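Colleague: I would like to go through this model with you, one element at a time. Please show it first.

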Amino acid sequence: MKLIILEHYSQASEWAAKYIRNRIIQFNPGPDKYFTLGLPTGSTPLGCYQKLIEYYKNGDLSFQYVKTFNMDEYVGLPRDHPESYHSFMWNNFFKHIDIHPENTHILDGNAADLQAECDAFEEKIQAAGGIELFVGGDDPHHRRSQGLCSVQSHRGGREPHVDGVRLSAAPPHCVCV
């Protein structure tokens, strides 16, 4: 993995967004070939998401043939709750781009069987061909280095949440913002 050190958050956000944009464009997605992107939530990736929205609005990038997988969700929090990861992603990213709702995947923290939900989520990732690029956020517990691809929230991680991806599903290319 290449380490890029930049002085300012805005520089890091722009670098990550350009990297994501370039990877999607180089992949050349289409109706029979989707680019699969793993995404974090929280405040860390917001600048990156804003730049990706800007690229879309400028006509430089389309998400029409992109599938996304967010790696966790709070247990027991309704998906329409303003603090759920589902609401976060829709309000801060998905509703501003041309991604099809059926191509966005976020765990169901209200599933009757959370293990079955995680297993089904991993099956969806595998059915999509795996994750082409995983965008990591700032995880204060450094769990990603232990093979868990999930992001703790700014709440300090005290709330129970569902972690959806095992190390075996982690992609070979990761960008941390």
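Modeller: At the start of helix 4, the side chain of D113 points a side-chain oxygen at the backbone nitrogen of Q115, to within 3.2 Å. Helices here are DSSP runs of H or I with at least four residues, strands are runs of E with at least two, and both are numbered from the N terminus. This is a predicted model, in which local features need pLDDT of at least 70 and side-chain atom pairs count only at pLDDT 80 or more, while totals for chains, interfaces and linings use all residues. Residues are numbered from 1 along each chain as its sequence is written, and side-chain values use heavy atoms, with hydrogens and water left out.

Colleague: What distance between its end C-alpha atoms does helix 4 have, and what span should it have?

Modeller: Helix 4 covers residues 114-127, which is 14 residues. The expected span is 1.5 Å times one less than the number of residues. That gives 20 Å for helix 4, and the end C-alpha atoms agree with it, being apart by 20 Å.

Colleague: Which residues of helix 4 are buried, and over what arc do they lie?

Modeller: Buried means under 20% relative accessible area, exposed over 50%, and partly exposed in between, with a 1.4 Å probe and protein chains only. In helix 4 the buried residues are E117, C118, F121, E122 and I125. They lie on the same side of helix 4, because the arc they cover around the axis, taken from the directions from the helix axis to the C-beta atoms, is only 135°.

Colleague: Which exposed residues does the face of helix 4 turned away from its buried side carry, and which residue with positive phi follows the helix?

Modeller: The face turned away from the buried side of helix 4 carries E123 and A127, both exposed. After helix 4 comes a residue with a positive phi, near 95°: G129.

Colleague: Where is A111, and is it buried or exposed?

Modeller: A111 sits in the loop between strand 4 and helix 4. The relative accessible area of A111 is 18%, so it counts as buried.

Colleague: How many residues of helix 3 are buried, and what covers them?

Modeller: Helix 3 (residues 85-92) is mostly covered, with six of its eight residues buried. These are Y85, H86, S87, F88, M89 and W90. With contact meaning heavy atoms within 4.5 Å, the cover includes strand 1 (35-39), helix 2 (46-57), strand 2 (66-70), strand 3 (72-74) and strand 4 (104-105).

Colleague: Which residues lie on each face of strand 1?

Modeller: In a regular strand the side chains alternate between the two faces of the sheet. Five of the five residues of strand 1 are buried. One side has F35, L37 and L39, and the other has T36 and G38.

Colleague: Which residue of strand 2 is the bridge partner of L39?

Modeller: Strands pair if DSSP finds at least two bridges between them. Strand 1 and strand 2 run parallel and are joined by five bridges. Together with helix 2 they make a right-handed β-α-β unit, where right-handed means that, with the strands pointing away from the viewer, the path from the first strand over the helix to the second runs clockwise. The partner of L39 in strand 2 is N70.

Colleague: Which residues of strand 5 stand opposite G38 and L37?

Modeller: Strand 5 (residues 133-136) pairs with strand 1 in the parallel sense over two bridges. Both faces of strand 5 are covered, with L133 and V135 buried on one side and F134 and G136 on the other. G38 stands opposite F134, and L37 stands opposite L133.

Colleague: Where is H96, and which residues is it in contact with, leaving aside its neighbours within four places in sequence?

Modeller: H96 lies in the loop between helix 3 and strand 4. Its relative accessibility is 27%, so H96 counts as partly exposed. Leaving aside neighbours within four places in sequence, the contacts of H96 are I53, Y56, K57 and N91.

Colleague: What is the phi of N28?

Modeller: N28 is found in the loop between helix 1 (9-27) and strand 1. At 55% relative accessibility, N28 counts as exposed. Although N28 is not a glycine, its phi is positive, about 60°.

Methods:
Polar contact = N/O pair within 3.5 Å; in protein donor to acceptor, adjacent residues only side chain to side chain.
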